[in-house]
Structure formats: C-alpha cells, structure tokens
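My notes follow the structure.

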Amino acid sequence: MYFPSASEALAEAALIDACSRSSGDGFRLNDAVYSYNPVSTSETSGIFNHYMEGFRRRHEAITSACQDPSGKVVSFMDIKRFYPSIGAEVAEKAWSRACEASDISSTFRSLGDKLIRDHGARVAHDSASRVGILTGPMFSHFLANLLLTEVDRRLSNADVSYCRYVDDITLVGAPEKVRVARAEIVAMLSDLGLELHDDAAGKSMEIAASTWLNGAQDDDEWQQADSWMRLVGDIKRLLVTRPESSSEVGVQFMAHGFRMPVLDYSSAAQETGYLRRFSLRGRPLLEAGRSTSVIIRSLVDRARELKERYAAELDRFSEHYAGSDGFEAKRLVPKIRYRLGRLAYLSDQRELKSMGEDITDPTLALHSEVVKAIGTGKVDRILEMGRNVAQAVAQPIGMASNRVVVTKHVLTEGEVQALAVFMVNGVEVELPSVDVLSENELIRFVEAGPDLEMMRSDDPFIAQLASLHGLSSTVRHFNVLDTPFDPLEEIALDALDPAGGSL
C-alpha cells in the first residue's frame, strides 16, 4: 500500500496547478466531466473541486437532458476496473498528448513523466497483474481524466447527452442513438485497453427518461431549510469568530452524544483579513447580543433535529430498498450512504451497532462495517479494509475518547498502516502481542515521535515525515490534527466518505 512522501505530494499539487494554469486545450476538461476537476487558480480550498459538487452538477445535467422525456432513455454504464486496467504506455501517451497541446514547461512535463514511471514501477512490484496506475495519488486521478479526453470530446458532440463521473458514464437520448453511442464508447475504450462492465454485473442499466424525472427532486438535501453542510459551516464560523468557545463546543456536543470534530482556529482568528473574507462568505450567525452559550445551544438543537430527520429517512429508504431492484435500488444506495455517514457522528454506539447489523446488502457493506465498528469498537475487519476506512472509523471514535479492540495476532503491512491511523488519532488500541509492531517505523513514529534513524530511513515517507516533525521531547501529531494547517481549511468529516471520494 503506497504512501507518497511529503515532497512527492507537494510536487503532485504543484504539477496539477501548473497544468490548470497552462494555455491551450491539453489540460482542459470537457464540460461533461464532473469528477476531479482542478479548482480555479484563485481558489485555495484544495487541488480538486469537492466531489459532492460534482455529484450535484451531474445530477442536474441528467435532469436537464431528460426534459421533454417522450421517446428518451437514460443509460448508465461503468468502466470495469478502471485504474487497475490503465497500462503505463497508454498513460504515457495521454500525458504526452496533453503536454503537446499546452504550453506546460519542460520541467513540469518531465515531472509528470517521472511520476508515471515511478508509480508504474510501484504497481509492477506490488500488483499481481503488474499493470494499472496507483489509485491514491492526486496525479492518478488527473491522468485518468486525460486518458478519456477523446472519449469525452467525441461523445459530448454525439446525438445524445453525455456525462461522466470518474468511471461512471451516463447517456440520455433516443434509444437507437444511445445504442450507437454506447457501441462507440465500447470501441474507443477497447483501443485504450479498457472495457465496460457487462449487464450481469448490475452496473449497466437503461430506464425511461420519465422514470429519472419522477425521482429527480426526491432528495433535495441542499435545498432544505437546514442541512448538514449548513450546520458544519456554522460550527466553523463560531470557532473562527469566537475561538475561545472551542472547548465549550466540544463539551456540549459530546454531552449530547455527538462526535463533531472541533478544530482550534485561534491562529486563523488573529488574521483580520481572513476574518473579513470569512464573514462576507458566511450566513449571519453571530447577531448582536447573542451569547456564545445561546449559539452553542442552537447548534446542538440543530444537530439533534438533523439526527432525528436522518434516522427517519434512513429507515424509510432502507425499507424501500429491501423491496426494490434495478434503477430504483441504484437510486436509493447514495441516499442510504449519505444518512449513514452523517449518523456516524450523530448517533450513539448502541444505535450505530444496530444500524450496522441491520444492513446486510453487499452494496452497502463498506458503510455498514464503518458504523458497526464505531458502535462496537471491534476493528479487525476495518484493518483489512485499509487506511482510508480506518480513518473513517478512527476520527469519530477518537472524538468520543473510546478505545478499539484488535484480536488478530498477525497483521499485514496494510493492516499495520491502518492500525497506525487509529493510534495517530489518539485512539487507545487493545491488541494481542504482535511482534512486527515493535520494529515498525510508522508505529514507532506514532507512539514515540521521530529519531535520527527515522530521518535516515530508506522509506521517503518516513524520512520526510520524521524530518518535518523534528526531534522533540513530545509527540505533536495529535495537536497537528486538531489544528487547521491553513485558515481556509474546512472541518474534515472522514466517516462521510470512507472510500475517499466515491460516496
């Protein structure tokens, strides 16, 4: 399991930024692509636009294409094993073609070439198939979009409406024209060494456009008078404008069973320019005369109301899902995942344990395991699922100062990494004696901090992490996680999307 070093992650960010700033069409994503679109050069919120924004825009695009639905169908299809099927040679050609169509500098072009070679060597070493690109690095997501540039261009000019989110493709139009467009996609993907899932996999289906429209507005979370995003935004607004309230916010939320991360924005509060920009962006929260305790009580009440609403909606959607199939089941899955992700922070352990045990459908297995682990503290299965899932469980457990139990006596390298995620979140881990842990550099770093030997490690991730931390009498990672790196950093809620962007 690959951990990029700090310098490599920074290099990737600089490379993607340079690509987005370059002239020409080489790195311009088609308007029909809604995933991993680099932020505008004036934004400081991250490398890519938030994935939920892409989901929302794709949903709106499909709805728009379905207007005047008579004689139209909506066809969904999915590229099979997308990233693991991208060959190094095909990736290199896509990168070279994009560079030729832009004014990207030779330095950044060479950096992209090096990343492709280095990642390819890592895949060849770790993967049984010895092909594919790494799924974690930012550059892999960027490169995958470049690979499908011609597919996106051709299909967006076809006689159908086309949109794509990573490996999910949707076509809207007359049935015969959709069939022609699908055949063209199959042929173009074949030239790239890719293929669609067959119908037996359950990831390809076709429905009437009127069926899509019937359910297009039945989950308008972003149009509600209050929502999860508004609540989290107002919590941040309070923490920034009244940083002295952070302790009381944490105490009151925990007293009511809510595991909301409370970051220390005191440094940001000292930046008057930031406070002015923040107040201009925000909704009114701190009206004159409202005391901090009144505001916190209001936030807690809103969290309670959202919990009750999400729990009722989860019950309703789950009951409906049990008797559905095809598109109706596909439509309900993200709704159920959305509620489970938020209830992971709002529900108590008993409720979460019950939720996890009640969900047995394989499509919902990931979220089921996450809420069950938060509810029970048993994380053997979570360790097997990797470090992203471990972070999804560790964050809310760490907020409640609960401990977890590991019963496995033998851990793989990936499971040790996942274990380290729990430990770096300050979660107490009860586990049997595992010999490999005492010699593992990552575990030693988490438990005791770095030493000179780690700074000279052959693993670039460990060496640079240790050097960035520096020699110290105290371990600083817990404080780092509770403090925003940048005043514009949002409150991260990792249980919302345990798969890392594919909620």
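**Cavity search**

I searched the whole structure and found one cavity of 30 Å³ or more. By cavity I mean a set of points on a 1 Å grid over the protein atoms alone where a 1.4 Å probe fits but cannot get out. The model is predicted, so local features need pLDDT of at least 70 and side-chain atom pairs count only at pLDDT 80 or more, while totals for chains, interfaces and linings use all residues. Residues are numbered from 1 along each chain as its sequence is written, and side-chain values use heavy atoms, with hydrogens and water left out.

I noted about 70 Å³ of space in the largest cavity; a volume is the space filled by probe spheres set on the points, which are joined across faces, edges and corners.

**Lining**

I listed the lining residues (an atom within 4 Å of a point): A88, L115, I116, H119, G120, G132, I133, F139, S140 and L143. Two elements, α4 (106-126) and α5 (138-147), each give two or more residues to this lining. The largest share, four residues, comes from α4. Helices are DSSP runs of H or I with at least four residues, strands are E runs of at least two, and both are numbered from the N terminus.

**Positive phi**

I then looked up backbone angles. Most residues other than glycine have a negative phi. Y36, not a glycine, has a positive phi of about 50° and sits in the loop between α1 (6-21) and α2 (51-65). R81 has a positive phi near 45° and lies in the loop between β1 (73-78) and α3 (88-100).

Technical notes: 1 Å grid on protein atoms, 1.4 Å probe; cavity = no way out; pocket = protein on both sides within 12 Å on 5 of 7 lines; lining within 4 Å.
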